[in-house]
Amino acid sequence: MQDNTIVQQLSQALYDNKGRNIVALDVHELTVICDWMVIASGRNANQVKALADDVDECAAKLGLPLRRSEGQTDGRWVILDYGHIIVHIFHQEDREYYNLERLWEDGNNRVVLPFDQTIPD
């Protein structure tokens with residue numbers, strides 16, 4: 001399975017479980033830490049943790065081994081490292097503060113996702 005397809009499926013898992021403001025970036029030309037980043041937000045710490053569990057379940061079905069995870073205890077910023085794909089799931093306030101898109105988006109590397117990002121508050 002191609003990486004782009006895997007990124008799409010992980011993003012879809014976030015969307016299906018009410019993740020917000022989901023962004024997928026191809027960063028292979030910008031960093032050596034990974035090739036792809038998926039960034040999403042949850043409304044509260046419990047949702048952030050649940051979204052992380054949903055992504056990890058999806059990744060396991062796709063045969064992606066989780067190399068390392070951080071932040072699941074607090075649920076403010078969970079990082080799931082699958083080697084070439086890293087998933088960041090933030091509490092909304094922390095996402096606004098760290099603004100990872102500003103660091104890793106170059107204007108041409110955003111992956112087009114197949115779903116509507118509009119989720120009512």
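The legends below describe close-up views of one predicted model.

Residues are numbered from 1 along each chain as its sequence is written, and side-chain values use heavy atoms, with hydrogens and water left out. Because the model is predicted, local features need a pLDDT of at least 70 and side-chain atom pairs count only at pLDDT 80 or more, while totals for chains, interfaces and linings use all residues.

**View 1. Confidence along the chain.** The pLDDT is the predictor's confidence in each residue, from 0 to 100. The protein averages 92, and 94% of the residues score at least 70. Helices (H or I, at least four residues) and strands (E, at least two) are DSSP runs, numbered from the N terminus.

**View 2. The largest nonpolar core.** A nonpolar core is a set of buried Ala, Val, Leu, Ile, Met, Phe, Trp, Tyr and Cys residues joined through side-chain atoms within 4.5 Å. Buried means under 20% relative accessible area, exposed over 50%, and partly exposed in between (1.4 Å probe, protein chains only). The largest such core has 26 residues, and L10, I85, V87 and I89 have the most contacts inside it. At least two residues each come from helix 1 (3-16), strand 1 (20-26), strand 2 (36-42), helix 2 (45-61), strand 4 (77-81) and strand 5 (85-91). Helix 2 gives the largest share, 6 residues. Another core, of 10 residues, lies apart from this one and includes V23, L25, F90 and L100. In soluble globular proteins, nonpolar side chains tend to be buried together.

**View 3. The surroundings of L10.** Contact means heavy atoms within 4.5 Å. Neighbours within four places in sequence are left aside; beyond them, L10 is in contact with V55, C58, A59, L62, L64, I85 and V87.

**View 4. Helix 1.** The buried residues of this helix are I6, V7, Q8, L10, S11, A13 and L14. Their cover includes strand 1, strand 2, helix 2 and strand 5. The expected span of a helix is 1.5 Å times one less than its number of residues. For the 14 residues of helix 1 this gives 20 Å, which agrees with the 20 Å between its end C-alpha atoms. K18, which follows the helix, has a positive phi, near 70°.

View 5. A disulfide is a pair of cysteine sulfur atoms within 2.5 Å, and the structure holds 0 of them. The sulfur of C34 has its closest cysteine sulfur in C58, 17 Å away, too far for a bond. C34 is buried, at 3% relative accessible area, and C58 is buried at 16%.
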